[in-house]
Amino acid sequence: MNSPTPQSSDDSNEENRFQTLVAAISDYAIYMLDTDGHVISWNAGAQRFKGYLAQEIIGQHFSRFYTEEERNAGTPAQALRTAIQEGKYEAEGWRVRKDGTRFWASVVIDPIRKENGDLVGFAKITRDITERAIAAEVLRKSEQQFRLLVQGVTDYAIYMLDVSGFVTNWNSGAQHIKGYRAEEVVGTHFSRFYIPEEREARMPDKALAIAAKHGRSEHEGWRVRKDGTRFFAHVIIDAIRDDLGQLVGFAKVTRDITEKRATAEALKKANEALFQSQKMEALGQLTGGIAHDFNNLLGVISSGIDMLQLQIRGESRTLDSMRRAVDRGAELTQHLLSFARQQPLQAKRSNLNELINGFESVLRRAGNSSIRFDIQLERELCPAMIDATLFQTTLLNLVVNSRDAMPDGGKITIKTQNVQLADQEIGALPAGKYARISVSDTGTGMSPAVLARVFEPFFTTKEVGKGTGLGLSQVYGFIMQSGGDVSVVSQLGEGTQISMYLPAADGEIVAHTAPNDKVEKVLIVEDDVDLLEVAAELFRAIGYAVHTAGSAKDALNVLEKNDDIDILFSDVMMPNGMSGIELARLTRERYPRVKTILTSGYAMPALQSEYNDLDNFLFINKPYQLSDVAKKLRQAS
């Protein structure tokens with residue numbers, strides 16, 4: 001038998017040093033097992049971790065370090081088999097100390113073999129990683145709680161995007177707000193939530209670029225739900241980076257603020273309406289005070305003219321001019337009082353459709369051949385308490401404004417409609433049922449700056465001499481005095497719509513009747529050539545066919561040759577023969593169907609002293625305006 005080769009002293013010294021090194025390690029339990037799993041060596045680290053002295057544990061099976069559950073499950077034997085079959089066994093789990101306490105261990109078991117491959121045992125290294133395991137468990141629970149928190153939030157859409165903008169997770173709030181389930185949206189690009197205009201403008205990519213560069217992107221805008229509806233969103237995108245600062249994705253938080261935005265806009269609108277109302281109220285009080293004072297001054301002047309007229313006992317061009325100036329001033333004060341809502345009203349429960357139908361021919365004539373009319377009347381329009389004459393004058397005022405806004409022609413639409421308004425939906429009107437009367441045109445429209453001042457007295461965009469700036473202020477004052485309100489919608493180049501809202505009056509709803517489109521003819525009698533031409537143009541402006549005469553004799557000739565004259569419009573005082581009142585008497589006798597309107601620069605009381613039957617005819621003072629003529633024409637109809 002050959003004796004074993006003696007071990008060299010160098011090899012022996014190396015082995016001793018290695019054993020000394022292993023024995024001194026205290027952070028790791030390093031020990032040997034035989035092929036059956038019995039402990040055959042023990043180091044200081046093993047003693048520190050497990051609590052056993054070497055003499056207590058050597059020769060004992062290593063399964064004693066396992067929990068009872070794992071021993072019953074055969075885990076120790078399985079660990080050795082795995083080490084033999086795979087060359088290594090590595091795992092983490094609970095281990096038991098001598099005193100029965102447990103620690104979380106990282107375990108590695110390596111098989112030890114001879115050069116010929118025969119198994120001689122196992123090397124086992126164990127490390128106590130309890131603190132790390134506890135920290136990991138705390139982190140896991142924290143992450144779980146965070147996930148539950150995020151998933152539990154339903155008022156915010158909270159989800160993650162990868163660096164390219166694809167959705168990687170989805171919370172219940174996102175499903176609630178956007179309508180998509182997680183399986184429908186995870187893996188798709190978040191740009192699908194943007195409206196088409198913003199996608200075309202590459203807003204999603206820009207938002208990610210801003211977040212990547214500055215750490216955050218925040219903005220508001222319209223977003224699209226799964227069902228295609230839109231909501232107004234407040235969006236925050238935060239960049240997410242790893243410990244090295246590398247971008248790994250984005251956190252996106254979206255909130256539906258549609259209601260909040262609507263509330264804010266309603267509040268803004270209410271504040272603007274309050275400011276406008278206060279401004280118009282202040283202007284009305286100021287204007288009304290001035291108008292009353294001015295009326296008093298005009299009263300003194302008018303009385304003085306009357307006294308001078310009595311003293312002179314004859315015609316005086318100077319006094320006539322003064323009288324016309326006073327009348328014009330009185331008319332101006334009436335406009336101011338209308339805006340100030342201080343004019344006397346004769347409000348009656350009225351069928352607005354009938355008022356419009358009865359006045360339609362005048363309204364149409366106020367346009368011209370290049371303007372089309374469209375009148376749309378709701379068949380069961382609610383009645384309203386209104387001064388009928390002033391209502392029709394108001395309509396005429398709006399139609400004339402629309403006509404002037406369409407120098408190249410266009411379309412005017414007059415529409416009535418029953419509407420149910422919410423509280424303060426229009427100005428300061430309370431909730432309830434209203435009749436809406438709107439006049440729309442396809443004209444030049446108004447800028448926001450003009451729109452803000454449209455009801456102010458004396459404000460006009462027309463050329464000097466083409467308007468007083470009181471038209472719309474009268475509309476505003478009259479409708480407000482009637483318990484309603486007025487709204488204006490206009491854009492430059494797209495026309496204007498002015499809507500008047502009047503409270504519904506109690507009572508039955510009356511159906512409207514068909515309009516009368518007959519074109520009426522008027523005979524104007526005036527000895528002043530200039531005034532005759534002006535009067536003719538005035539009537540033509542509201543659509544009448546016009547005949548003219550310079551004297552009563554000429555007027556009778558016209559009446560004899562034209563049996564279709566509808567209205568005689570004559571001056572009272574005419575030289576050289578028959579007066580206007582005598583012409584009116586003959587016309588009533590010979591042509592009873594002809595309606596007569598008399599006019600004069602003299603006040604009616606002054607004329608009645610000479611013509612005691614003047615009350616039998618409609619009368620209008622010079623100088624007259626379109627609105628004055630319109631009132632008399634309605635009375636004559």
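**A strand residue and its surroundings**

Modeller: Ser487 lies in strand β14, which covers residues 485-491. Helices (H or I, at least four residues) and strands (E, at least two) are DSSP runs, numbered from the N terminus. The model is predicted, so local features need a pLDDT of at least 70 and side-chain atom pairs count only at pLDDT 80 or more, while totals for chains, interfaces and linings use all residues. Residues are numbered from 1 along each chain as its sequence is written, and side-chain values use heavy atoms, with hydrogens and water left out.

Ser487 has a relative accessible area of 19%, so Ser487 counts as buried (under 20%; exposed is over 50% and partly exposed lies in between, with a 1.4 Å probe and protein chains only). Leaving out residues up to four places away in sequence, Ser487 touches Gln497, Ile498, Ser499 and Tyr501. Contact here means heavy atoms within 4.5 Å.

Next, the nonpolar cores. A nonpolar core is a set of buried Ala, Val, Leu, Ile, Met, Phe, Trp, Tyr and Cys residues joined through side-chain atoms within 4.5 Å. The largest one has 56 residues, and Leu352, Phe391, Met500, Ile524 and Phe539 touch the most other members. Helix α14 (residues 388-404) gives the most to this core, 8 residues. Ile524 is in contact with residues beyond four places in sequence, including Leu532, Phe539, Val546 and Phe569.

Charged pairs come next. The structure holds 19 salt bridges, each a side-chain nitrogen of Lys or Arg within 4 Å of a carboxyl oxygen of Asp or Glu. In one of them, the side chains of Lys411 and Asp374 meet at 3.6 Å, N to O. Lys411 is in strand β12 (residues 410-421) and Asp374 in strand β10 (residues 371-376), so the pair ties together parts 37 residues apart in sequence. Lys411 is partly exposed at 27% relative accessible area, and Asp374 is partly exposed at 22%.

Last, the confidence. The chain averages a pLDDT of 79, and 76% of the residues score at least 70; pLDDT is the predictor's confidence in each residue, from 0 to 100. Over residues 464-470 the pLDDT is below 50, and this stretch has 14 contacts beyond near neighbours in sequence. Residues 509-515 are also below 50, with 19 such contacts in the model. Where pLDDT is low, the predicted coordinates should not be read in detail.
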